[in-house]
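Here's a quick briefing for anyone opening this one up for the first time. Take a look at the picture, then read on.

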Amino acid sequence: MFDKLFGRSGGRPAADPYALPVPRRQKNGMYTLRALGDARVLALVEAAGAGDWAAVRAALDPFDPGRDHQVLGELADLDGVQDWIGRAVEEDKEHRATALLISGARHINWGWEARTRALAVDVTPEQWRVFHQRLHIAEEQLFEAAELRPEWVTPWRCLLTSGRGMSLGPAVNETRRDAALRRDPLDLDTHVEWVSQLQPRWGGEPGQALAFAREAFAGAPEGHRLGCVIAIAHIEDWVESDRDNCLITPEIQDELLDAAERSILHPAYVRRPGWQQDFNMFAMALSLAAERIALPRVFHELQGAYTSWPWRYMAKPEEMYARARRNA
C-alpha cells in the first residue's frame, strides 16, 4: 500500500554499497549531504584535503573527471587545493590533463570566493582584480585540458562559468556551450549553466531560459536527469521576479509534476553519487509552486538530505528547506 501511495510499482532502490551512513539528523529532521553521500567521493575529498596527489589519482579511478561534474565540483569547492595542485600540473606529465582540469575548476570557484556574492556595484576594485586574475588562470588551464582530452565535457562546462564571469559575450559562450553539447547533448550541468546565462541579469531576455529548458527536455529519454533543467528554469524565473508567488499557477504546477515523473521519479532514473541534488532541485521548485502531488514523494525519497544548491538562492536556505519539508 505504501508503494502505491508514493507511486512506485516496486520497492525502494537496491542498497548502495558505497552510500555513506546517514549522520544524526538535526531537530528538524534534515542533514547536510557530505561528499555526494558516497564513501568513494569522501576518500577523494580527504585525499585532496591532505594534498596527496597520488591518493587523489587513485580515488578518482571509479569516476570519469571528464564527465562527472559533481565529483569535480567537490574538488573545486575544497579550500587549499589551489596550494598544491600546481605542483601536480608541472610534475605529473602522465596525468597533466586531470591536474589541469582540477586546478582550472578550483580557480573558478576561488575567483568567485574573492569576488563574493555581492552585487557588482559593491565589489571593490581589488576584489575585481583578484577575481579576473584567477579566472584568467582557469581559462588557460581548462583550454589546455580540453586540448589534451578532446572528448571531455567538463572543461567546456567550466569555461561557460568563467566566460560568464569575465563577460566574454554571447558569441564566445555559445561556442563553449555548443562544444560541451557536441560531446554530450544531454549533459544536465551544461544545460543548467546555460539557463543561468540566459537570465536577464546576465543579458538574456525573459522567457528565453524556460524555452531552452523545454526544448532540451523534450528530447530526453524517460528517466533522464535532464528533467531537472525544468525545475531550475522555474527557480531562476522566481529569482528574477519581484513576486514570491510567481510560480503558483496550475500550468507551472502541472509542468513540474510532469517533469518530475518523467525524470527523477521515473523507474528508469539512475541514482548516481549526489542524486540528492537532483531531488533538491525539484524540492525547491515544487515548493515554490505549492505543488502537492510530487512534492511529498520527493521529500520522502530525500529522507532529510539537504544540498546547498539550489536553496542558497534563498536568504535562509536551511530554514526554508526545513519549512518546505514540513509543509509538504
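Predicted model: local features only at pLDDT ≥ 70, side-chain atom pairs only at ≥ 80, totals over all residues.

Residues are numbered from 1 along each chain as its sequence is written, and side-chain values use heavy atoms, with hydrogens and water left out.

**Cysteines and disulfides**

- A disulfide is a covalent bond between the sulfur atoms of two cysteines.
- The structure has zero disulfides, going by a cut-off that puts the paired cysteine sulfur atoms within 2.5 Å.
- C246 isn't in a disulfide either, and its nearest cysteine sulfur, in C228, sits 19 Å away.
- C228 is buried, at 0% relative accessible area (buried means under 20%, exposed over 50% and partly exposed in between, using a 1.4 Å probe and protein chains only).

**Around C246**

- You'll find C246 in the loop between α12 (228-240) and α13 (250-262); helices here are DSSP runs of H or I with at least four residues, numbered from the N terminus.
- C246 is buried too, with a relative accessible area of 12%.
- Leaving out residues up to four places away in sequence, C246 touches D237, W238, S241 and I252, where contact means heavy atoms within 4.5 Å.
- H234 is twelve residues from C246 along the chain, and their C-alpha atoms are 9.5 Å apart.

**How α14 and α15 pack**

- The axes of α14 (residues 275-288) and α15 (residues 294-302) come within 9 Å and cross at roughly 150°; each axis is a line fitted to C-alpha atoms over the stretch in contact, with angles from 0 to 180 degrees between N-to-C directions.
- That makes α14 roughly antiparallel to α15, a label for angles over 145 degrees.
- On the α14 side, W275, Q276, F279, N280, A283, L286 and S287 meet A294, L295, V298, F299, E301 and L302 of α15.
- Sorted by class, this contact has nine nonpolar, three polar and one charged residues (Ala, Val, Leu, Ile, Met, Phe, Trp, Tyr, Cys and Pro count as nonpolar, Asp, Glu, Lys and Arg as charged, and the others, Gly among them, as polar).

**A buried arginine**

- R176 belongs to helix α9 (residues 170-183) and is buried, with a relative accessible area of 5%.
- Again skipping residues up to four places away in sequence, R176 touches E139, F143, W156, L159, L160, S162, G163 and L168.

Terms used
Helix = DSSP H or I, 4+ residues; strand = E, 2+ residues; numbered from the N terminus. Parallel < 35°, antiparallel > 145°, perpendicular 65-115°, else oblique.
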